[in-house]
Amino acid sequence: MQRRLKIGVLYSRVRVEEKWIFGAMEKRGIDYDRLDDRAISFDLEKPEPWKQYDAVLERSISYNSGLYALRLLNAFGVPTVNTAAVAEVCGDKLMTSAVLARDGVPQPHNVTAFSPEAALEAIETFGYPVVLKPVVGSWGRLLAKINDRDAAEAVLEHKSTLGSVQHSVFYIQEFIEKPGRDIRIIMIGDKVLTGMYRSSEHWITNTARGGSGELCPITPEIEDICLRASKAVGGGLLGVDLVEHPEKGLVVNEINHTMEFHTMQPVSGIDIAGEIVDYVVGIARMKDEL
Amino acid sequence: MSTVACPECAAEVTLADGTEAGEIIVCPDCGVDLEVTSIDPAAVQLAPMEQEDWGE
């Protein structure tokens with residue numbers, strides 16, 4: 001008889017996704033704990049309370065809390081979805097770009113600089129418009145589309161004066177004249193689960209910024225680029241954002257490791273929360289078989 | 001279904017059936033984000049402000 005598994009779900013807020021995940025756990029009769037990342041602590045000399053978990057699903061809103069929790073759990077030998085290594089790459093746009101470049105996965109043209117002067121020079125060489133992005137951050141926050149040198153000087157000065165240390169890494173990306181939409185694909189392991197177009201009148205198409213969703217058919221091209229992107233970052237449960245580049249075709253814009261799917265689940269009609277739970281249970285069973 | 005007072009504007013806020021602890025609700029009067037800290041008894045507090053590293 002199989003041993004009863006114990007799963008942990010690490011979260012910050014009970015968003016609709018977490019409600020669906022908890023619901024899917026309960027529907028399957030899974031023994032699981034809700035782990036509020038504001039309430040937990042890790043004693044490195046007492047890993048036993050954590051080692052009881054056969055797998056932990058990380059759903060923290062805070063990138064730092066989630067990443068450090070994953071690192072500790074992995075150090076204790078607890079399997080996590082996703083792994084700390086994957087979170088480290090996906091949570092940082094520059095690290096994502098680096099592994100995509102290493103594996104030859106198409107992405108927008110990027111240049112990185114570490115001082116406002118070098119960034120300005122890089123932008124001038126690039127030509128306008130360009131997009132400046134924080135390397136860590138999400139929901140389309142603090143993205144700046146820069147149309148001319150005056151704007152570049154102003155934004156660079158503001159970032160270096162007002163920004164945290166993260167903002168002194170200047171990640172410069174080509175501005176893509178996309179067709180008013182981008183594509184969010186959900187990957188579970190080696191499977192492309194579903195996809196959605198996210199449309200907006202605004203150049204930032206995140207649904208967190210008011211973009212709307214419509215089902216996107218999974219073409220062989222989409223499947224191919226997503227599998228390659230997933231492999232490059234280390235695989236797992238991923239939200240791959242694609243953009244239709246007018247010259248390059250599909251490019252990977254970013255990869256999310258704790259993706260939201262409140263728009264995707266109703267649009268696709270797929271029980272994404274249930275698929276996530278089944279995937280986590282599969283990872284937990286693998287630990288059991290080792 | 002239970003009600004609580006909004007800590008910001010004192011309006012009466014209703015917790016819908018199926019609300020869970022840790023969920024964020026919006027005060028219908030003043031629009032502030034409230035975190036449900038307890039279901040029984042019903043309690044809310046002002047939700048934490050969005051941090052720079054928050055996201056998906």
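Of the 56 residues in chain B, 21% are buried; here a residue is buried if 20 or more other C-beta atoms, placed from the backbone, lie within 10 Å of its own, exposed if 12 or fewer do, and partly exposed in between. This is a predicted model, in which local features need pLDDT of at least 70 and side-chain atom pairs count only at pLDDT 80 or more, while totals for chains, interfaces and linings use all residues. Residues are numbered from 1 along each chain as its sequence is written, with chains lettered from A and ligands numbered from 1 in the order in which they are written.

Chain B has 5 strands and 0 helices, which gives the order β-β-β-β-β from the N terminus. Both kinds of element are DSSP runs numbered from the N terminus: helices are H or I with at least four residues, strands are E with at least two. The C-alpha atoms of chain B fill a box of roughly 35 × 25 × 15 Å along the principal axes.

Now for helix α7 of chain A, residues 149-162. Which residues of α7(A) are buried? They are A:Ala152, A:Leu156 and A:Lys159. These residues lie on the same side of α7(A) because they cover an arc of only 65° around the axis, judged by the directions from the helix axis to the C-beta atoms. An α-helix has 3.6 residues a turn, so residues three or four places apart point the same way.

The face turned away from the buried side of α7(A) carries exposed residues, including A:Asp150, A:Glu157 and A:Leu162.

Terms used
Expected span 1.5 Å × (residues − 1).
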